[in-house]
Amino acid sequence: MKSFRRNKRGRAVSALRVNAQALRVKRNPEVLLVDDDPDFRRELKEMLDGYSVLEAGSGSEAVSIMKKANNVKAVLMDVMMPGLDGISALKEMKKSSPETGVIIMTGRSTKDTVVNALKGRADDYIEKPADPDEVRRVLERVICEKSGIPEPESAGIEGKIDTVKRFVM
């Protein structure tokens, strides 16, 4: 069942679209992109138009950014990085910024990685190579949740089941 609202002209607009519009009305949400591969960061940054993207090349650099005053709404972070890996950085970030959404990305998905991400309180998980639409959908959902913007009814229990399936499978 889709949830619809009416726009100024009286036309039906899906709640997911309303939520995405609400994010843009507030301003371009700030996102921290953490990956040791500068080419991957550049490509992902280009894909995230409509967002204000900060970059970090390591887990320790990301933790340092998050410990300072910032407006970061969500973090997209690789797991495998030299030095402080993504799971360790996730745990540190959640200590200083528990209200910030963290999405873990990895090209080497194992059940141990998923379990460690969940234990570290990751808000979601994306496998590389990631589909651009999937990244945007997950990012918008996490920012909506963390900003207190209600999820559309159509994403209710089915959306939550899909998220759990992605974490476990």
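**Close-up views of a predicted model**

**View 1. Overall architecture of the protein.** The protein exposes about 9600 Å², of which carbon and sulfur atoms supply 51% (accessible areas by the Shrake-Rupley method with a 1.4 Å probe; for residues, only the protein chains shown count as cover). The model is predicted: local features need pLDDT of at least 70, side-chain atom pairs count only at pLDDT 80 or more, and totals for chains, interfaces and linings use all residues. Residues are numbered from 1 along each chain as its sequence is written, and side-chain values use heavy atoms, leaving out hydrogens and water. Seven helices and seven strands are present (DSSP runs numbered from the N terminus: helices, H or I, at least four residues; strands, E, at least two).

**View 2. The open five-stranded sheet.** The strand order is β4-β3-β5-β6-β7, with parallel pairing (two strands pair if DSSP finds at least two bridges between them). Because β4 (52–56) and β7 (124–127) stand at the edges with a single partner strand each, one side of each is left without a neighbour in the sheet. Strand β3 (residues 30–34) pairs with β4 in the parallel sense over five bridges; in β4, Glu55 is the bridge partner of Leu33.

**View 3. The buried face of helix α3.** In α3 (residues 59–67), the buried residues are Gly59, Ala62, Val63 and Met66 (buried: under 20% relative accessible area, 1.4 Å probe, protein chains only). Seen down the axis of α3, these residues fall within an arc of 100 degrees, so they line one face of the helix (the arc is that of the directions from the helix axis to the C-beta atoms). They pack against β3, β4, β5 and α4 (86–96) (contact: heavy atoms within 4.5 Å).

Terms used:
Buried < 20%, exposed > 50% of the residue type's maximum accessible area, 1.4 Å probe, protein only.
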